[in-house]
Amino acid sequence: MASTELTLPSKPNYSTTDMDKAMKDSDFEDILYLIDTLFGKPVTQTQLSSILYIYDTLQFTSELFEYLVEYCVDRGKKNIRYLESVAIAWY
């Protein structure tokens with residue numbers, strides 16, 4: 001039986017239009033609120049790109065994203081780079 005390996009999609013350069021479109025998605029807004037609340041600080045524009053990559057390109061559902069954020073916080077890791085690394089590993 002041949003194994004199939006997933007290749008990691010590259011991280012796109014999101015435009016302002018892409019970001020604005022994502023901000024109109026209620027699930028995405030909920031994710032940002034959760035991160036702001038649990039990380040204790042607002043998300044920056046650069047971090048927003050990583051969050052959108054996980055949500056849009058890696059296609060994490062809002063439920064899986066919520067679990068991801070809680071998983072990182074439970075381990076005392078409240079930064080987006082760690083969040084993205086875990087998301088990639090899970091992908």
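1. Which residues does Ser50 touch, not counting residues up to four places away in sequence? In this predicted model, the residues touched by Ser50 are Lys11, Ile80 and Glu84, once residues up to four places away in sequence are set aside. Ser50 itself lies in helix α3. Its relative accessibility is 7%, under the 20% limit, and therefore Ser50 counts as buried.

2. The structure holds 1 salt bridge.

3. Lys11, with a relative accessible area of 34%, is partly exposed.

4. Helix α3 covers residues 45-57. It has 13 residues, which at 1.5 Å a residue should span 18 Å; the C-alpha atoms at its ends are 17 Å apart, so the two values agree. Just after α3, Gln59 takes a positive phi of about 60°.

5. Within α3, the buried residues are Leu48, Ser49, Ser50, Ile51, Leu52, Tyr53, Ile54 and Tyr55. Their cover includes α1, α2, α4 and α5. Gln45, by contrast, is a residue of α3 that counts as exposed, because its relative accessibility is 52%, over the 50% limit. Gln45 and Met19 are 26 residues apart in sequence, and their C-alpha atoms are 9.1 Å apart in space.

6. The largest nonpolar core has 26 residues, and those with the most contacts inside it are Ile35, Ile54, Phe65, Leu68 and Leu83. Each of the helices α1, α2 (26-39), α3 (45-57), α4 (62-74) and α5 (80-90) supplies at least two residues of this core. In soluble globular proteins, nonpolar side chains tend to be buried together.

7. Not counting residues up to four places away in sequence, Ile35 touches Gly40, Lys41, Val43, Ile51, Phe65, Val69, Ile80 and Leu83.

8. Pro42 is placed in the loop between α2 and α3. It is exposed because its relative accessibility is 64%. Leaving aside neighbours within four places in sequence, Pro42 is in contact with Asp36 and Gln47. The C-alpha atoms of Pro42 and Leu32 are separated by 8.5 Å, and these residues are 10 places apart along the chain.

9. Leu6 is found in the segment before α1 (16-23). With a relative accessible area of 62%, Leu6 is exposed.

Notes. Residues are numbered from 1 along each chain as its sequence is written. This is a predicted model: local features need pLDDT of at least 70, side-chain atom pairs count only at pLDDT 80 or more; totals for chains, interfaces and linings use all residues. Side-chain values use heavy atoms; hydrogens and water are left out. Helices (H or I, at least four residues) and strands (E, at least two) are DSSP runs, numbered from the N terminus. Buried means under 20% relative accessible area, exposed over 50%, partly exposed in between (1.4 Å probe, protein chains only). A nonpolar core is a set of buried Ala, Val, Leu, Ile, Met, Phe, Trp, Tyr and Cys residues joined through side-chain atoms within 4.5 Å. Contact means heavy atoms within 4.5 Å. The expected span of a helix is 1.5 Å times one less than its number of residues. A salt bridge is a side-chain nitrogen of Lys or Arg within 4 Å of a carboxyl oxygen of Asp or Glu.
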